[in-house]
Amino acid sequence: MAKIKIDSVEYEVDEKKNLIDAAKDVGIDIPYFCYHPALTIVGMCRMCLIEIEGVPRLQAACNTPVKEGLSIITKSPRVKEARSGTMEFLLANHPLDCPVCDKAGECKLQDNAFGSGEGHSRFEFEKRNIPQEEIGTNLIINHNRCIVCYRCVRFEEEKVGESNLGLFERGYHSIIGLAKNEPIQHNYQGALADICPVGALLNNKTLFKSRVWWYKSHKSVCHGCSTGCHVTTNVRDNKMYRYMVRENHEKQMFFLCDKGRFDLDWMNENRLFAYQESGNPSTSLDVLPKIKEAISNSKGIAVVGGAHESNENLEKMKITLSELAKATSKSIVWESRVTDAQYKETEQVDFLLTKDNHPNTKGAIDLGCITDSGIEGIRKQIQNKNIDLVFVLNEGVSLPPVSVHVQLDTNLTDAAKQATFAVPIKIFCEEEGTFTNKKGWRQEFEKSMEPPKGLPSSAEFFSRLLAEVNKKQEAVVGNN
């Protein structure tokens, strides 16, 4: 820690942090555009200019190291004039299209124009007008809004390892554009739009879908892989619209891949709302007694999957399955690992995405929801007729033919249609809980959506099944 002065007030700050972040920790905002905590410092935007005592010229805060005895001024007339001038230049050609821009409401240009701008423009000439371009499979660029902060170029080069974008021309004619003839195809086009501080880079998939102030937001964890990136969910009318990055400086989480960011349609469409028997709609009153009968007639029972479930659901299910085994005197084995990637050390596809597309494999392993023989052992036991009843937890896993297949699923999948019985369950964001990521971090997520009334979680279903098994038959008394 280091003691520094900000506007003549002494603070103790983390000397390892950038000055902008260190100041923010003590409640002082220094405006910026080009700075990003996970990217190199370039000092291009000149928005974060400050005074340093003993230094005659204004300096960029992003490029000023935090050290003992540093004394800076962030609100002097010189600083305010400099920031006002920067905003005037940036807004000279920027179109006044906030009402139709998807970035409105979360745009740093709006924030800094309000905080440091003059409120009027002296620019009386015609603004430049460059046609909008599609530069990726899911990315468009509006050159007129671009403030040439260089964030997108740095992100691609430093994080993605590609150089699709570059800065071309000079001065008034400067634009960010494609350096190659091919469109961008990598897994981080959403991140490019995310780190753009203005509405220059936008994704086609979310274009004109909703205003940001219409969303209800909650803290959550990405479900796409075992990395467990921190996200903020954006929900409107009980539908999941967006995942946005929830920055975590301590854990160095600043970005989100496209696989996790845009894999949301299944939460809103094709949901499984009713119990099914052999592909036909049914009710719990019909299905639960038949599953109970199947349990009593079975030779062996297996539960497959579970790495999409929260730790809390897994803990409850483990207790319930143990009680179910005692109540029925049946052997129940549970294997949560259904893919090769779940049996190996973490393998990265890129700097964030892993080959394990389950958010809670580590949690399931830590809780002991696994077998020594793995999924192959269960397949062999099914082939040998030692297991003839299988509960599958929200997975599309390939298994040998089995007498009774009970599919617990969130959606009306092929597995649900082909199962002996299909059970509708909540999706993870209809509950609160935790996932354990690849590094062993147990990370909390909040409830983001309201579940359909009466829909159980996977743990609640097994509790209902246990209650059905334990239910005593009442003697029917009547006159003969």
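A: The lining of the second largest cavity consists of C222, G224, C225, T227, G228, C229, L256, C257, G260, L352 and L353. Here a cavity is a set of points, on a 1 Å grid over the protein atoms alone, where a 1.4 Å probe fits but cannot get out, and lining residues have an atom within 4 Å of a point. The model is predicted: local features need pLDDT of at least 70 and side-chain atom pairs count only at pLDDT 80 or more, while totals for chains, interfaces and linings use all residues. Residues are numbered from 1 along each chain as its sequence is written, and side-chain values use heavy atoms, with hydrogens and water left out.

The second largest cavity holds about 60 Å³ of space, where a volume is the space filled by probe spheres set on the points, and grid points are joined across faces, edges and corners. By class, its lining has 7 nonpolar, 4 polar and no charged residues. In this scheme Ala, Val, Leu, Ile, Met, Phe, Trp, Tyr, Cys and Pro count as nonpolar, Asp, Glu, Lys and Arg as charged, and the others, Gly among them, as polar.

For context, the search of the whole structure finds 2 cavities of 30 Å³ or more. The largest cavity contains about 110 Å³ of space. Its lining comprises 14 residues, of which C146, C149, C152, C196 and L201 are the closest to its centre. By class, the lining of the largest cavity has 13 nonpolar, no polar and 1 charged residues.

Note on methods. 1 Å grid on protein atoms, 1.4 Å probe; cavity = no way out; pocket = protein on both sides within 12 Å on 5 of 7 lines; lining within 4 Å.
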